[in-house]
Amino acid sequence: MPLYAPAAPAVSPNGQVDCPCLACRFGHSRRHPARHRRYTSDTTDAEWLVIAVMLPWPAWLDGNGGRPEEYCRRLIVDAIFYVADNGNKWRNLPDDFPHWRTVHKVFTRWWQDGSVDAVHNDLRDEVPGRRARDPDPTAAIIDSQSVRAAETVDAGSRGYDAGKEVAGRKRHMIVDTIGLLLVVMVTSASVQDRDGARPALAHLRDLFESIILVSRFGKAMPQQMQAALADVAQALLLPGSVGTAVGAVAGSLTRALRERRQTVRALSRCARLADLLEAEADLEALSFYPHLLAWELAQLPADKRVTPVILLDTFEDVGDRTHRDLERLIQRVVWLMPNAFFIVTGRSRLQWAEPALQGQLDYTGPEAWPGLAASAVMPNARTAATGAARSGGRQVLVGDFSPEDCDDYLARRLARDGQPLVNAEIRQVITNRSHGLPLYLDLSVMRFLEIRRTGREPVPADFDHDFGALIARTLSDLTPEERHVLRSVALLDAFDLALATRAAGMLHEAPAMRLIERPFVRENAFGLWPYHLHGLIRSTVRNADDQADDRWSPRDWHQAAERALAALGEQWTTGTERDRMLLVSCLGQGLLLARDFRLGLGWLAEAAWSYVSDSVWEPLAPPTRPESASTLETAADALVELLSALARRQHEHRERTADRLAAVADSGLLPTDLHEMAVYYLAKAQRDLGRSDASRRGMQLVADGGGRLAPAARRGLAHLARLAGDFPTASDTARTLGWAGRHHRVEGDIWWPHGDMNRAASAYAAARTEAEEHGVAGERSTSQAQRAFVVAFTAPDQADDELHLAEQLLTGLDLRATTLTTRIAALVRDAGTTGDVEDRARVLRTEISVAGLTSADVTLELAMCFHHTVLGPDDAATASIARLRDVTQGGDYAYYVDIAHFMAGLPLSGASAARWLDGEQPTRSRWRTLVTARREYLRNAR
């Protein structure tokens, strides 16, 4: 049943409905005065009649949570059009529109759930020239345009188009054959058309399979895959290309899934589909779609039967060998559609026939997949004549290129007057040795040219070597200076000219400039450092049997690592902005060098402090220790483990984080200040796990040390006092903390348990402002999340805006505890409603358990006590209090049970252990008032 009863439609004096939008018909838009349309961007009546019915169906109208919309949707759309037409800031919306936060929130929601794209696509299909056409286009036109950008535009998004002499941005647009927009993408003007086209075409492929099938089957696929598809087409008696095999039923289902928002309403009366359409899009529900399609295909008359051919390309992108959720879904699709033909391509071999996968996937072993078990061993080097690639079972194992493709590539790579320079015999030897690896082919071509430059004609024996030997011979073809630079940059994941020159210890860039022109040096124009070597080349250069006269000794490699580490430090310390991307990138490369070559920490220590200072915890991905290294041996080992544990703690159980940090602290390898960092974050992890005594000892140790984290440790001691209910001690400590100890946030944490939500909200707002002034993004988002939590108790409508701001501030950050706080705040906002609060709470309990965050667990249960107390009956509130008592048995947060009794108006079973700042009775009164105020709010909203 919907929470809110539908309001009567807004009508004009003549009895006609003023506006067809759902907010006017069933919402609260009549509370607000009508707006006089005065701007050229406003929709006309005719335009609005078309657009109104295309906007998404709101969840509140089905009783699935949320409140009725306050404003006519036409007001919202006109406001969005005003911003788009005038290019002004959201904050500068004129006063005759709804508040800018409301408009921006609606626009963001429509943008994120795909409604904006859906409306655009629906409007495109309504164009008179399109109505008689197939909604899925079969051809498209792509072009780009460079436009100037103002100096105020972020420099990182601007560039210079040398061809058109334009400094600014470039828009890449794809239109259909009558000029209607399909895809648009904006890049820096310096991006080449071919580079910008790739992501644009990839997005087009996701939207319209009919276009991509034509281009990929016709041009992009290698000869072996074209031949395989031709065999499939012939075996299935399919006319022409494989694309024609996909029948009308498959196409209809694909379109229905893509437009699910509208299709759900259209199919809602179908008894067979009702449960499926209402279900969450989890593994079970998604698995049923292909099963339903297979059943529908089986019901077709014999003369209309089709065999869908489904191409799953780049299978390695489905995930790694540990996280197999997407692979499980794909396997289920294949298993549940026996009347379809699947072609799975990629570099990762299908392991489904291996019994060892039992438990990781649903169907495993040779009995389940007998066709895959026949070709379970990767073949050795082969020639095109062996036919190994075409024989055997249903799994064809090949390298990156088939032998035919290798030969074709070599023939075309070097040619004169249409004739290949590399003769057939040499091409055969290179192909046999390459295993289809394109990198091997490029290196062979480079060696071919180097040999010819010496005046000698290459012979097959020059290429009859494995990869390591080929690298060694490639090194001998370089000049001594180029070899020196190559060995130096082999220590780096990526580099630029300055970094390569500095790492090589040279005074001029000429050797590095010559090296980057070699075909084995790859370039990524968008990377922080544009050049990198293939990982296989890096490994081989460092380990190959180098026979050059100037080959390096172990000491030479160690000195090169020292130079590379120093060069990375110089780039970070002298950077004009010292931004986070540069910091994380330098740390990642520097930690690897320091660990592998047992170097001193140097600048890495200061960089580590910069990394933790912002509380952002973006993925650092430092190198993990080899499996053989069971103990920490050097300071670099300890720092790698410390930063890795801090970065991963947003994704690991706190127990695992505590164990890793304890090992670092116990090793004694780090200097004093970094050792205190390990002790402090270990104490935080112990607090999260409910081990207050151990946490208090660690915090006290760091606070007494007087180091960089001493203010944070004093804040931690204040938190521990609050956990125990000792509010006077926590309050006294908060007054001494200052900004470094985040005093405003601590004050907010003290006031909200007293039920003084207004005072707490003001404290959190001050904390957020202070964090903005100091440029600390993590603290800013945490303070805003806490503010949204306390505002949700007193003002559910305002809480929407506060939560929206918190979500915006969390964008791009990796703060799991803060994210959970926002979701608990959303439950508090919806407390007392009959929507999906219970279901959301169950999901949150699972996530909190996985994270190991005791504080989030007890806060969630307190929020549910508020919900049940507002909603009633009393037995539900009593059960919720019992659950809260269970999770606070350790002693921490025990006063939360007192708060739950205050909410319900129940007497305490004994004396409260908490020391309230202004006494128990005022605190009880404030919490009871919050409950009665929420009940009154809900009555008025009905």
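**Basis.** I worked from a predicted model, in which local features need pLDDT of at least 70 and side-chain atom pairs count only at pLDDT 80 or more, while totals for chains, interfaces and linings use all residues. Residues are numbered from 1 along each chain as its sequence is written, and side-chain values use heavy atoms, with hydrogens and water left out.

**Whole chain.** I looked up the secondary structure and found 41 helices and 10 strands, taken as DSSP runs numbered from the N terminus (helices H or I of at least four residues, strands E of at least two). Of the 942 residues, 48% are buried, a term I use for under 20% relative accessible area, with exposed over 50% and partly exposed in between (1.4 Å probe, protein chains only). The accessible surface comes to about 45,900 Å², and 52% of that surface belongs to carbon and sulfur atoms; the areas come from the Shrake-Rupley method with a 1.4 Å probe, and for residues only the protein chains shown count as cover. Among contacts (heavy atoms within 4.5 Å) with a separation of 6 or more, 64% join residues 24 or more positions apart.

**Helices α15 and α17.** I noted that α15 (residues 403–413) and α17 (residues 438–453) pack at about 35 degrees with axes 11 Å apart, the axes being lines fitted to C-alpha atoms over the stretch in contact, with angles from 0 to 180 degrees between N-to-C directions. C406, Y409, L410 and R413 of α15 meet L441, D442 and V445 of α17. By class this contact holds five nonpolar, no polar and two charged residues, where Ala, Val, Leu, Ile, Met, Phe, Trp, Tyr, Cys and Pro are nonpolar, Asp, Glu, Lys and Arg charged, and the others, Gly among them, polar.

**Helices α33 and α34.** The contact of α33 with α34 divides into 10 nonpolar, five polar and five charged residues.

**Helix α32.** I then checked α32 (residues 743–751), which is mostly covered, with seven of its nine residues buried. The buried ones are H743, R745, V746, G748, D749, I750 and W751, and they pack against α30 (710–723), α31 (727–734), α33 (757–774) and α34 (777–794).

A189 sits in the loop between β4 (181–188) and α6 (193–207) and is buried at a relative accessible area of 2%. Its C-alpha atom is 6.6 Å from that of A167, which is 22 residues apart along the chain. Beyond four places in sequence, A189 touches residues including S146, Y160, D161 and K170.

L22 lies in helix α1 (residues 22–26) and is buried at 10% relative accessible area; I found its C-alpha atom 8.1 Å from that of C72, 50 residues apart along the chain.
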